[in-house]
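Please look at the structure shown below before reading on. The paragraphs after it are meant for someone meeting this structure for the first time.

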Amino acid sequence: MALHTLAHPAATTEERTAFTALMAPPETPVSDAPLYEPHAAGGLLLGLLISPPVPKEPKDR
Amino acid sequence: MTTGGRVAETSLAGAADVLAGQVVDALRGRERPGLVAHVDACGDRTLVLGAVRLVGSDLFAPHLLTGHLLDPGDVEVVSDSFACFPVVRAPASHEQHVTAWRDWATATALLRLADPGEADPGPPGDADTVLGDPVEWQTWSVHVAQLAPLALPGLGGPVVDAVFGQPLALARGVTRSLLRRDHATSVRLARWTALLHHDRIDQPLDPHLLAEHLRLYAGTSARTALDLAITRRLLEAA
């Protein structure tokens, strides 16, 4: 009986799946993109209200 | 994905990066081993043939952009890579459609270099199926970035025609990727802006400024260096 051997290696299922994933790289899922913050105005106002007052010049000088 | 799958993906990506680095060397006129010597020197033949398929048509960027001559052995290596990772005959998922188009680009580039008189292989589908609707430019531009290996001079085809018809959607996609600091996508899209410039198509972005910005910020991986080297060559040839 003739023995038939493959001339080329065949990729495994895992290698094929990895190959297909690398062929179509997605967008980077996490980025430092500036995002809209709807409550940022409130936080800014609160910061202004609780911030310490401007120091005054001493009068007895 | 399983651990084995992750290992396979990391190994393939690494092998493709090594090969991409060699194409960069060729584009810069440096001494490098040929594709056949590179494949023979690699211990894992499946891995290196997968890398050949991943780099795909970009293997022939030095031939298309700087007049390198095709080594007859290259045809055999690419043929082996198609045998090792079989071609998807009836693409169903988006990833399979992208793979089919990138394989088409590799086959077309190789055929034109090896036998200029031969007719090109037929495209694997229509451009809208793989790119989507340009009105949804966020998704459309990501798909265009995935098909960056088609942004080579003289390759042409339905996808190139579709991108040439949408310079505004492309510019929006570039801007979005820059704002997201997704430099990998930006670099891939920069190739398309350079190809538009090469073919004298008006666009809202300056591709020279974009290329310079990405040279400074996009990192130093071999894959990024290859995309930027092709972008530069396209801009210089315009």
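This is a predicted model: local features need pLDDT of at least 70, side-chain atom pairs count only at pLDDT 80 or more; totals for chains, interfaces and linings use all residues.

What follows goes from the interface between the chains to the packing of helices.

The size of an interface is often given as the accessible area lost when the parts come together. Here chain A and chain B bury about 2,500 Å² between them, and 64% of that area lies on carbon and sulfur atoms. Of the area that chain A buries against chain B, 27% is supplied by Phe19(A), Met23(A) and Glu27(A), which is more than any other three residues supply.

The polar side of the interface can be described by its pairs. Between chain A and chain B there are two salt bridges, and seven residue pairs are in polar contact, counting pairs with both residues at pLDDT 80 or more.

Which residue forms a salt bridge with Glu27(A)? The partner is Arg176(B), and the closest N and O atoms of the pair are 2.4 Å apart. A search of the whole structure finds 13 salt bridges over all chains; the pair crosses between chains, running from Arg176(B) in helix H10 (residues 167-179) of chain B to Glu27(A), which sits in the loop between H1 and helix H2 (40-50) of chain A.

The helices come next. Two packed helices are described by the angle between their axes and the distance between the axes. From H1(A) the contact is made by Phe19(A), Thr20(A), Leu22(A) and Met23(A), and from H6(B) by Glu95(B), Gln96(B), Val98(B), Thr99(B), Arg102(B) and Asp103(B). By class, the residues of this contact divide into four nonpolar, three polar and three charged.

Within chain B, helix H3 (residues 45-55) packs with helix H5 (residues 72-84) at an angle of about 105°, with their axes 9 Å apart, so H3(B) is roughly perpendicular to H5(B). Among the residues making this contact are Leu49(B) and Val52(B) of H3(B) and Val77(B) and Phe82(B) of H5(B). The contact of H3(B) with H5(B) has six nonpolar, two polar and three charged residues.

Technical notes. Residues are numbered from 1 along each chain as its sequence is written. Chains are lettered from A and ligands numbered from 1 in the order in which they are written. Side-chain values use heavy atoms; hydrogens and water are left out. Buried area is the accessible area (1.4 Å probe) that two parts lose on being put together, summed over both. A salt bridge is a side-chain nitrogen of Lys or Arg within 4 Å of a carboxyl oxygen of Asp or Glu. A polar contact is a pair of N or O atoms within 3.5 Å; within protein, one must be able to donate a hydrogen and the other to accept it, and residues adjacent in sequence count only if both atoms are side-chain atoms. Contact means heavy atoms within 4.5 Å. Helices (H or I, at least four residues) and strands (E, at least two) are DSSP runs, numbered from the N terminus. Ala, Val, Leu, Ile, Met, Phe, Trp, Tyr, Cys and Pro count as nonpolar, Asp, Glu, Lys and Arg as charged, and the others, Gly among them, as polar. Axes are lines fitted to C-alpha atoms, for helices over the stretch in contact, and angles run from 0 to 180 degrees between N-to-C directions. Angles under 35 degrees count as roughly parallel, over 145 as roughly antiparallel, 65 to 115 as roughly perpendicular and the rest as oblique.
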